[in-house]
Amino acid sequence: MKYAPLNLGRWIIWGATALLFVVAPLAFKGGFALTMLTQMGTLIIFALSYNMLLGQGGMLSFGHAVYSGLGAYVAVHTLNLMGKGAFHLPVVLLPLVGGVAGLAFGVLFGYVTTRRAGTTFALISLGIGELVFACVLMFPGFFGGEAGVSTNRVVGKPFLGLTFGPALQVYYLVAVWCFLSMAAMFALTQTPLGRMANAVRDNPERAEFVGYNTQHVRFLQLVLSSFFAGVSGALSCINFEIVSAENVSAIRSGGVLLATYIGGVPFFFGPVVGAIVFVFFIVALSGFTKAWLLYLGLFFVLMVLYAPGGIASLILMQFPVIRAGRWRELFVPYALTALAALVALAGLIVLVEMVYRLSEPGVSTVLMVFGLPFDAASAPPWFLFAAVLGAGLAALRVAARRVRERWGTIQADLQAKA
């Protein structure tokens, strides 16, 4: 669907994305769904900004939360000054304040961190992150110590009738900034700087040979990434109305790394998918089980082992088969694989939940899983669901073999036709 001078397919995708931001709160009504969608929007910006470093520039950072968190701190103090009447600024422009703050700190720290690449860059970014986290506890006057800095987002005169008090208005604010940030970051990938960042990632020696300063390219990429990270931090400040040490912690830096990798580092839309899945784990799943971190860890390990390209790679690898009209041949193997995976997952979930229930002293050992009661202190459920898990894994192995065989046949046919 590419017709010069218009790429019709790209316009359809961006239009569908914009429409999705508009209709999402209408499709998922309720305060909980709205809260989850708002957090997805902020994390999408944060994950895409991180992928500007890792996916496009080849820079593995362990301290990217520094730029998001410091942008949030500047935004929260700006919001408090607005509340005191020091100056007037529409709340809708507050993300720009966070972005400029993130950009400024990106210039400051990026000059140091980007002087080296590879493992050295990762370790320096980790050191910068720990340094800033220590400063949060050392200077409570600005950072608020462990309690953080709270604020009130309803300040000043309403902007076009919007006070941003209701959660729905905050969601649409986040959605607009998320869409604009996505479009801007995608546009940056098409610029000479974006192309050179890819070149520095793939072959820095050749990039230097043709006359480019690789340190300069890495520095510019980090500064621009820090701007969007600051935008994400300011939106998080507006949403939660508090900024604390957690915003600049290594846990947050590790979280955005997990989200980006799960979605797919090599692809632009990969971090978008990863952010959605990651928020589902930490918001939705954590409300149902205390073992959500275990499930997230297992999911991440499985992605690393069997889909290192992330969820995006699993989606994109289906397109050639669909274009060739061979998708029907994979329908039955996929269905059998999904069924076997669900059986194994059911057995695993019950076993994990029984382990967690027995580890809680003074709590009844009877638990409800899938609407059925099980006594974790009795032996039959353990034997039953261990057998379910084993049968599911055995069936999954057979089904996965059929998928690989069918994929091999289809790929060989497509290569022969090519």
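User: Before anything else, what is a polar contact?
Analyst: A polar contact is a pair of N or O atoms within 3.5 Å; within protein, one of the two must be able to donate a hydrogen and the other to accept it. Residues adjacent in sequence count only if both atoms are side-chain atoms. Please also keep in mind that this model is predicted.

User: Which backbone atom lies 2.4 Å from the side chain of Thr189?
Analyst: The backbone oxygen of Phe186 lies 2.4 Å from a polar atom of the Thr189 side chain. Thr189 itself belongs to helix H7, which covers residues 167–189.

User: Is Thr189 buried or exposed?
Analyst: Thr189 has a relative accessible area of 12%, so it is buried. Buried means under 20%.

User: And what does Thr189 touch?
Analyst: Setting aside residues up to four places away in sequence, Thr189 touches Gln56, Gly194, Arg195 and Phe268.

User: At what angle do H2 and H11 pack?
Analyst: H2 and helix H11, residues 250–263, pack at an angle of about 80°, and their axes are 9 Å apart. That angle makes H2 roughly perpendicular to H11.

User: Which residues meet there, and how do they divide by type?
Analyst: From H2 come Leu43, Phe46, Ala47, Tyr50, Asn51 and Leu54, and from H11 come Arg252, Val256, Leu257, Ala259 and Thr260. The residues of this contact divide into 8 nonpolar, 2 polar and 1 charged.

User: New topic. Where does Ser61 lie?
Analyst: Ser61 lies in the loop between H2 and helix H3, which runs over 65–83. With 3% relative accessibility, Ser61 counts as buried. A polar atom of the Ser61 side chain lies 3.2 Å from the backbone nitrogen of Gly63. Not counting residues up to four places away in sequence, Ser61 touches Tyr50, Leu53, Phe121 and Ser125.

User: What about H3: what should it span, and how many of its residues are buried?
Analyst: At 1.5 Å a residue, the 19 residues of H3 should span 27 Å, and the end C-alpha atoms are 26 Å apart, which agrees. H3 is mostly covered, since 14 of its 19 residues are buried. Just after H3, Gly85 takes a positive phi of about 85°.

User: Now H10. What caps its N-terminal end?
Analyst: Asn213 caps the N-terminal end of H10, with a side-chain oxygen 3.0 Å from the backbone nitrogen of Gln215. The helix covers residues 214–240; its 27 residues should span 39 Å at 1.5 Å a residue, and the end C-alpha atoms are 39 Å apart, which agrees. H10 is mostly covered, with 22 of its 27 residues buried.

User: And which residues does Gln215 contact?
Analyst: Gln215 lies in helix H10 and is partly exposed, with a relative accessible area of 22%. Apart from its neighbours within four places in sequence, Gln215 is in contact with Tyr111, Thr114 and Arg115. With Thr114, there is a polar contact between the two side chains, at 3.2 Å.

User: How far is Val149 from Glu241?
Analyst: Their C-alpha atoms are separated by 8.5 Å, although the two residues are 92 residues apart along the chain. Val149 is placed in strand E3, residues 149–150. It counts as buried, at 11% relative accessibility. Among the residues that Val149 touches are Tyr73, Phe142, Glu241 and Ile242, where residues up to four places away in sequence are not counted.

Conventions: Residues numbered from 1 in each chain as written. Predicted model: local features only at pLDDT ≥ 70, side-chain atom pairs only at ≥ 80, totals over all residues. Heavy atoms only, no water. Helix = DSSP H or I, 4+ residues; strand = E, 2+ residues; numbered from the N terminus. Expected span 1.5 Å × (residues − 1). Buried < 20%, exposed > 50% of the residue type's maximum accessible area, 1.4 Å probe, protein only. Contact = heavy atoms within 4.5 Å. Axes fitted to C-alpha atoms, helices over the stretch in contact; angles between N-to-C directions. Parallel < 35°, antiparallel > 145°, perpendicular 65-115°, else oblique. Nonpolar A, V, L, I, M, F, W, Y, C, P; charged D, E, K, R; others polar.
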